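Let us take a walk through this structure together. Have the sequence and the 3D view open as you read.

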Amino acid sequence: MTAVTARMPPTRPTDHTRCTERRAVALPARLMWTDQRGTTRFASVVARNVSDQGVYVECQSAVSIPMYRLVQFQLEREAREAELPEPLRHGRVLSAVYRVSPATAAGAPQGFALRLMVEPRRSAEPAAARATA
């Protein structure tokens with residue numbers, strides 16, 4: 001192995017490696033969190049894609065939400081009629097911010113990737129089939 005190939009980063013697999021599929025949406029939603037001073041803050045956002053474990057939202061106005069902050073995510077009432085993952089149909093969902101995308105000069109809004117803090121769904125296979133000796 002040469003020095004050049006040793007420094008190359010590993011390539012990502014081309015196969016679909018996600019556990020659940022993302023669905024593109026454009027649904028009005030709300031974020032609620034407590035800032036570092038203990039003040040409750042709100043922001044109106046638009047959910048751009050959803051999955052069983054996460055959601056990506058865009059915010060037209062600049063807000064200061066740091067990474068790993070816990071937030072309450074809630075779709076607006078009329079948006080809950082869409083075909084959505086189960087946790088998003090019932091109101092507020094505790095979520096953690098795990099990626100912050102700043103607004104760009106080209107006009108792209110600020111975005112936040114949220115991990116839904118919900119119990120993961122188990123696969124439909126029976127427990128006996130999962131068990132190994």
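Start at Q110, which touches V57, E58, C59, S61, A62, V63, V100, S101, P102 and A103, leaving out residues up to four places away in sequence; touching, or contact, means heavy atoms within 4.5 Å. Q110 lies in strand 6, where strands are DSSP runs of E, at least two residues long, numbered from the N terminus. Q110 is buried, at a relative accessible area of 11%; buried means under 20% relative accessible area with a 1.4 Å probe, protein chains only. The Q110 side chain also reaches the backbone oxygen of V63 at 2.9 Å.

A word on the model: it is predicted, so local features need pLDDT of at least 70 and side-chain atom pairs pLDDT 80 or more, while totals for chains, interfaces and linings use all residues. Residues are numbered from 1 along each chain, and side-chain values use heavy atoms, without hydrogens and water.

Now step back to the strands. Six of them form a closed barrel in the order 1-2-3-6-5-4, with antiparallel pairing; two strands pair if DSSP finds at least two bridges between them. Strand 2 and strand 3, for instance, are antiparallel partners over 4 bridges, and V50 has V55 in strand 3 as its bridge partner.

Finally, look for the largest nonpolar core, which has 24 residues. Such a core is a set of buried Ala, Val, Leu, Ile, Met, Phe, Trp, Tyr and Cys residues joined through side-chain atoms within 4.5 Å. L31, V57, F73, L75 and L114 touch the most other members.

Key:
Buried < 20%, exposed > 50% of the residue type's maximum accessible area, 1.4 Å probe, protein only. Polar contact = N/O pair within 3.5 Å; in protein donor to acceptor, adjacent residues only side chain to side chain.
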